[in-house]
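Here's a quick briefing on how the pieces of this complex touch each other. Take a look at the structure, then read on.

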2 protein chains.
Amino acid sequence: MPTSIKENYLKALHYLSLQSSEISVTELGNAMDVSKPTVNVMVKNLASKGWVVHEKYQPIRLTPEGKRAAAKVIRKHRLAELFLYQVMGFGWEEVHAIAEELEHVKSEYFFQRMDEMLGQPLFDPHGSPIPDASGHMPSTHYILLSQVAVPCKVVVKAIADSSPEFLIYLNEKNIQLGTELTLIHKEAFDGNLTVSFNHCDKAILSQSVASRLLVDSVSETTKSKKHR
Amino acid sequence: MPTSIKENYLKALHYLSLQSSEISVTELGNAMDVSKPTVNVMVKNLASKGWVVHEKYQPIRLTPEGKRAAAKVIRKHRLAELFLYQVMGFGWEEVHAIAEELEHVKSEYFFQRMDEMLGQPLFDPHGSPIPDASGHMPSTHYILLSQVAVPCKVVVKAIADSSPEFLIYLNEKNIQLGTELTLIHKEAFDGNLTVSFNHCDKAILSQSVASRLLVDSVSETTKSKKHR
DNA sequence: TTGCAAAGTTAGATATATCTAACATATTTT
DNA sequence: AAAATATGTTAGATATATCTAACTTTGCAA
């Protein structure tokens with residue numbers, strides 16, 4: 001069983017692996033907000049547990065067991081977030097911070113019961129998929145709003161940044177998961193996107209915002225309606 | 001803010017204080033399952049935080065701030081137990097172990113919300129009173145079943161031992177909080193108590209069991225019906 | 001009232017997770 | 001290709017929480 005600190009390293013390694021499976025000591029140090037020597041020591045430790053592979057001056061890489069261990073922590077985090085949102089009535093901008101603590105609770109029963117109460121949910125309140133109990137991370141195929149070509153119609157599927165600041169911004173703009181955005185114009189200079197939604201709202205979303213929203217394109221033939 | 005280990009020492013000190021406000025290093029070591037030197041170091045640490053007073057070779061004593069800090073942890077524990085029982089449907093024999101973890105969650109919102117959802121409850125599933133948010137521990141006046149003179153009628157008000165083993169025993173015997181016990185006979189030799197309850201059940205409760213049940217005597221005039 | 005056992009303390013070691021300072025290796029730039 | 005910069009490692013220190021071994025104090029009993 002990893003300590004909660006090691007669990008946090010595993011999570012960080014998972015998120016960094018999304019960019020590239022090869023992770024540098026510096027990157028991990030920045031992500032965990034610790035010095036490079038600290039990373040060095042910890043990586044040796046994680047390697048001895050079989051969660052990463054690492055050779056001198058080489059990049060760090062999660063092993064399959066490491067990925068599974070990370071997914072189990074992320075499962076707990078996301079189940080907790082959805083529980084806090086759905087059962088306890090917290091706002092989607094509040095759940096992340098509390099889930100950061102709950103994810104380290106060891107009791108499997110606690111999360112099993114959450115899972116049951118929520119009906120084996122597939123997504124957390126920010127649209128991120130919930131890994132299964134055996135540590136399998138579901139894959140998603142969403143794209144960043146910033147990478148969509150205009151004009152186009154898309155649906156907001158997930159949020160790539162769960163910070164309260166960003167979520168409160170979305171609350172104010174009235175953008176939620178499932179909101180259908182019609183992309184009207186993209187400013188070449190700064191990437192600002194003019195969008196309309198909810199049949200009347202209109203907004204200009206900065207590059208910064210667009211790169212934090214994961215969307216799915218709405219095919220004219222309205223075919224795929226799989227999840228949420 | 002105490003670390004979760006210090007929170008456990010505070011809890012142990014609270015429970016030992018119920019017997020006598022003067023606590024020995026040995027007692028605390030036994031309660032925490034650590035060596036005496038470990039207690040020594042930790043007590044210095046707790047004293048530097050103002051939670052205990054301790055002079056060389058003297059007994060340890062919780063300060064008012066220490067009592068308040070302990071009560072806050074116990075509040076979290078008991079709120080968590082009731083939440084697990086009432087909202088999440090765990091058995092009263094399961095909640096203690098999970099609450100041992102949840103009590104260390106720092107987020108005040110989490111417990112505030114539990115408190116609201118449960119309607120500012122006064123007692124946990126084992127009948128123990130829930131301290132208020134400012135760290136005030138309510139007093140109770142219940143007596144141990146083992147100390148009641150027979151014949152008599154009493155109501156089970158609280159359980160002095162939340163171990164799954166004991167609670168499962170009570171489940172099997174069909175004894176719950178609120179169960180009215182008619183004490184028929186007390187064996188002088190071993191303290192075995194013959195009791196009847198639920199209008200038909202009868203049981204012989206050992207000294208060991210009777211000393212783990214907190215009861216209130218049922219006055220013939222059926223006056224006080226304050227809590228649960 | 002002395003002597004010994006129980007209780008408490010000190011000293012020094014270990015494990016985890018962190019740091020800074022100094023050094024080593026890679027990579028990039030000119 | 002050499003110099004400069006970035007990246008990574010080693011060594012040694014710190015804080016927390018723990019241990020064992022050895023020593024001290026207290027208090028009871030002979």
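A polar contact here is a pair of N or O atoms within 3.5 Å. With that cut-off in hand, Thr38(B) qualifies because one of its polar side-chain atoms lies 2.3 Å from a phosphate oxygen of DNA strand D. Keep in mind that this is a predicted model.

**Around DNA strand D**

- Lys44(A) puts a polar side-chain atom 2.9 Å from a phosphate oxygen of DNA strand D, and for an N or O atom in the side chain of Lys56(A) the distance to a phosphate oxygen is 3.3 Å.
- Of the DNA strand D atoms that come within 4 Å of the protein, 77% belong to sugar and phosphate.

**Where chain B meets chain A**

- The contact involves 17 residues of chain B and 17 residues of chain A.
- About 1,400 Å² is buried between the two chains, with 75% of that from carbon and sulfur atoms.
- On the chain B side, Met88(B), Glu101(B) and Phe110(B) lose the most area, together 39% of what that side buries.
- Salt bridges between the chains number zero, while six residue pairs are in polar contact across the interface.
- Helices α4, α5 and α6 of chain B each give two or more residues to its side, and α6(B) gives the most, with five.
- Sorted by class, chain B's side comes out as 12 nonpolar, two polar and three charged residues.

Methods:
Residues numbered from 1 in each chain as written. Chains lettered and ligands numbered in written order. Predicted model: local features only at pLDDT ≥ 70, side-chain atom pairs only at ≥ 80, totals over all residues. Heavy atoms only, no water. Contact = heavy atoms within 4.5 Å. Buried area = accessible area lost by both parts, 1.4 Å probe. Salt bridge = Lys/Arg side-chain N within 4 Å of Asp/Glu carboxyl O. Polar contact = N/O pair within 3.5 Å; in protein donor to acceptor, adjacent residues only side chain to side chain. Helix = DSSP H or I, 4+ residues; strand = E, 2+ residues; numbered from the N terminus. Nonpolar A, V, L, I, M, F, W, Y, C, P; charged D, E, K, R; others polar. Near = heavy atom within 4 Å.
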